[in-house]
Amino acid sequence: MDLVQLQRQLVDYRTSLYHEGFLDEQFTQLQELQDENNPDFVVEVVSLFFEDSERLLNELSNALEQQIIDFKRMDARVHQLKGSSSSIGAQRVRQLCIVFRNYCEAQNVEGCLKCLPQVKHEYSIVKTKLESMFQLEQQILNAGGSVPV
Amino acid sequence: MEAAAADILPSGSSQELHVLAVDDSYVDRKVIEKLLKISSCKVTAVESGARALQFLGLDGEKGSLGFDGLKVNLIMTDYSMPGMTGYELLKKIKRSSAFREIPVVIMSSENILTRIDSCLEEGAEEFLVKPVKLSDVRRLMKDCVMRGETEGNNAGRRVDKRKFEDDNHTSSLSSSSSSTPSPPSSPSTTAPFGGDVATSELVSSLPPHSSKRAKFHDGD
């Protein structure tokens with residue numbers, strides 16, 4: 001695939017992520033903060049988000065496996081996940097966190113048990129999509145082109 | 001067009017605004033740091049209120065300046081943090097004689113009216129709803145700089161843009177200054193304008209919502 005095709009593919013892919021609600025305008029904000037001094041800013045922040053999320057999701061799984069469920073602690077974790085997904089524009093994850101928090105507040109075990117796998121699922125989708133997008137960007141850079149904004 | 005902090009400070013001045021950012025989220029720290037750096041600020045980002053107090057020297061250790069003597073011009077703190085909340089940090093800062101003048105901005109993902117009210121009542125400058133955007137930071141820079149948060153030992157940092165434009169020669173200013181005897185100096189960026197006078201002149205020329213700040217200090 002030539003450079004122009006690659007660039008078009010990236011733009012289309014990115015647009016679809018917004019249209020399908022995976023990303024919101026906060027992701028655009030992040031891109032606007034990237035410059036020549038810090039060309040990997042978005043990748044770095046998103047990588048932090050991945051690390052953070054994986055840790056939080058593990059902790060949530062553990063919490064739900066306990067005999068006595070600490071809803072307050074769980075709520076704190078979900079709040080953190082909601083915060084970081086919001087900061088990078090991972091819209092679907094953020095929205096699910098809101099639902100999850102409601103279940104925590106209501107101390108609804110069933111609700112939580114239902115919600116956690118949904119959050120994990122949405123997280124893994126957006127992770128895959130973002131990684132694909134970054135790969136496309138890298139391909140463009142390797143082909144000597146610049147990433148369209 | 002909104003100005004970055006560096007635009008408003010006198011040219012040639014190497015003194016950028018130093019912002020202390022407090023947030024327990026790694027992701028958010030990285031983002032706020034970038035937002036501030038892009039707005040020409042020096043940033044120190046810490047992960048807790050305790051660390052923030054340590055940095056300021058408010059944890060009982062000697063010294064009222066940060067580690068390397070860098071004065072903090074603005075504190076931006078997340079509200080919900082484990083241990084000490086941003087609200088508790090705000091109170092501690094506003095109740096300290098050394099640091100009460102430093103503007104504190106609270107950031108929160110939750111837009112709760114009672115929360116906003118209590119923060120403002122304790123003396124928070126602003127309450128920003130997360131995620132924080134570049135336009136929020138730029139507006140903050142303008143507001144803080146306009147309010148002369150760089151008074152005191154950072155004499156010479158003209159923060160009121162209007163004043164700076166008017167003020168071509170220090171001689172005109174020293175003649176208009178009443179109480180503080182300012183030594184005449186060359187019109188360089190480090191000319192001492194007399195911190196106290198500058199501040200009082202600024203206060204009188206501040207935009208209306210500055211009265212909110214004055215009220216909080218009276219109540220302390």
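Modeller: Keep in mind that this is a predicted model. A salt bridge joins Lys133(B) to Glu25(A), and their closest N and O atoms are 3.3 Å apart.

Biologist: How many salt bridges does the rule find across the interface of chain B and chain A?

Modeller: Four salt bridges are found there. As for polar contacts, six residue pairs are counted between chain B and chain A, with both residues at pLDDT 80 or more.

Biologist: Which part of chain B gives the largest share of the side that touches chain A?

Modeller: Helix α2 of chain B, residues 26–38, which supplies eight residues. Sorted by class, that side of chain B has eight nonpolar, six charged and two polar residues.

Biologist: And how many residues are in contact?

Modeller: On the chain B side 16 residues, and on the chain A side 22. The area buried between the two chains is about 1,600 Å², and carbon and sulfur atoms give 61% of that.

Biologist: Which residues of chain B lose the most area to chain A?

Modeller: Val27(B), Lys30(B) and Lys34(B), which together make up 35% of what the chain B side buries.

Biologist: New topic, chain B by itself. What helices and strands does chain B have?

Modeller: There are 10 helices and five strands in chain B. Of its 220 residues, 50% are buried.

Biologist: What about the accessible surface of chain B?

Modeller: That comes to about 10,400 Å², with 52% belonging to carbon and sulfur atoms.

Biologist: And contacts within chain B?

Modeller: Taking contacts between residues at least 6 apart in sequence, 65% join residues at least 24 apart.

Notes
Residues numbered from 1 in each chain as written. Chains lettered and ligands numbered in written order. Predicted model: local features only at pLDDT ≥ 70, side-chain atom pairs only at ≥ 80, totals over all residues. Heavy atoms only, no water. Contact = heavy atoms within 4.5 Å. Buried area = accessible area lost by both parts, 1.4 Å probe. Salt bridge = Lys/Arg side-chain N within 4 Å of Asp/Glu carboxyl O. Polar contact = N/O pair within 3.5 Å; in protein donor to acceptor, adjacent residues only side chain to side chain. Helix = DSSP H or I, 4+ residues; strand = E, 2+ residues; numbered from the N terminus. Nonpolar A, V, L, I, M, F, W, Y, C, P; charged D, E, K, R; others polar. Buried < 20%, exposed > 50% of the residue type's maximum accessible area, 1.4 Å probe, protein only. Areas by Shrake-Rupley, 256 points an atom, 1.4 Å probe, with all protein chains shown as cover.
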